[in-house]
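Trainee: Could you take me through the packing in this one? I would like to go residue by residue.

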Amino acid sequence: MTTSDDLGRLLAAAPQPTQDRPSPRIQVFCLPHAGGGAMHFQSWQGWLPHASEVIPIDLPGHGRRFRESLIEDWQCLIDDLTGQIVDRIRGPYIVVGHSLGSLLAYEVARNLQNRRNSPALLVVAGRNGPAAGLSHRPIHELPDTQLLAALSRLGGTPDDVNEHPELLEMYLPMLRTDLRLAETYRREPGPPLSCPIAVFGGRQDPMADSLGMLAWERETTDSFDMTIFEGGHFFLTARAFTAALAARLDRLVEELAAA
């Protein structure tokens, strides 16, 4: 004779119908190149996976933080950016950086790892690894006209800045500060990251090279992948890059869902 208690135990032990597990929402914190700002990432929400939330970060003295003083000290800047990000973390997140932003993203990830809150992935683009040398001659001390010519060859000077002297007067100090940070950076000793690293680069980029970008592999104890495609230094809107990054985030979403 089966009692109600027995029936309850049988029902509890029976296989339950499977349900689709919702994909975790990933926050994507984005850090820009020298002289850049949050605006360079405004279109990303439209092509990244729907499970992503794009959160561009401005440096002090840039973009929405233009009225703040520029920060020329590496540690002070990293502490500032870490504070900007850690207060917004709500679950799994990644940090993305381009050029100078790659170094900023890396140092922020180191800071957050020390706080036991590592990102699920570090994405770096257009920059050699922290322990590798520069692929170009430093330009941050060039006279204004030569500096602008060098940036123009890279495709990195906004047209409206060149056409308006008053904007140029405001833009150059910010740009020089950023370039000085990028070109005088030295990696401080410390352990590698525990999160995966994905590297993206343009084959014709004069500011990074394949061997230098491969040096990022030494900065993680987790997985590493590198994607090189045709293009120069400013490739964030190139189809090859957007498709590759979207695919990498799709894979990360699947990995997090499975975990």
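**Aromatic pairs and cores**

Mentor: Phe229 is buried, with a relative accessible area of 7%; buried means under 20%, exposed over 50%, partly exposed in between, with a 1.4 Å probe and protein chains only. This is a predicted model: local features need pLDDT of at least 70, side-chain atom pairs count only at pLDDT 80 or more, and totals for chains, interfaces and linings use all residues. Residues are numbered from 1 along each chain as its sequence is written, and side-chain values use heavy atoms, leaving out hydrogens and water.

Trainee: Is Phe241 buried or exposed?

Mentor: Look at its relative accessibility, which is 1%. With that value, Phe241 counts as buried.

Trainee: How many aromatic pairs are there?

Mentor: Rings of Phe, Tyr and Trp (its six-membered ring) pair if their centres lie within 6.5 Å; planes under 30 degrees apart count as stacked, over 60 as edge-to-face and the rest as tilted. By this rule the count is 11.

Trainee: What kind of aromatic pair do Phe229 and Phe241 form?

Mentor: Their centres are 6.4 Å apart. The angle between the planes is 50°, and the pair is tilted.

Trainee: Which parts does this pair tie together?

Mentor: Helices (H or I, at least four residues) and strands (E, at least two) are DSSP runs, numbered from the N terminus. The two parts are 12 residues apart in sequence. Phe229 lies in strand 6 (residues 224-229) and Phe241 in helix 8 (residues 239-258), so the pair ties together strand 6 and helix 8.

Trainee: Which residues have the most contacts inside the largest nonpolar core?

Mentor: A nonpolar core is a set of buried Ala, Val, Leu, Ile, Met, Phe, Trp, Tyr and Cys residues joined through side-chain atoms within 4.5 Å. The largest has 46 residues. Those with the most contacts inside it are Leu104 and Leu122.

Trainee: Why do the buried residues of helix 2 line one face?

Mentor: They are Trp74, Leu77, Ile78, Leu81, Thr82 and Ile85. The arc is that of the directions from the helix axis to the C-beta atoms. Seen down the axis of helix 2, these residues line one face because they fall within an arc of 135°.

Trainee: Which residues does Leu147 contact, leaving aside neighbours within four places in sequence?

Mentor: Leu147 is in helix 4 (residues 144-154). At 0% relative accessibility, Leu147 is buried. Contact means heavy atoms within 4.5 Å. The partners are Ile139, Leu142, Leu172, Leu175, Arg176 and Leu179.
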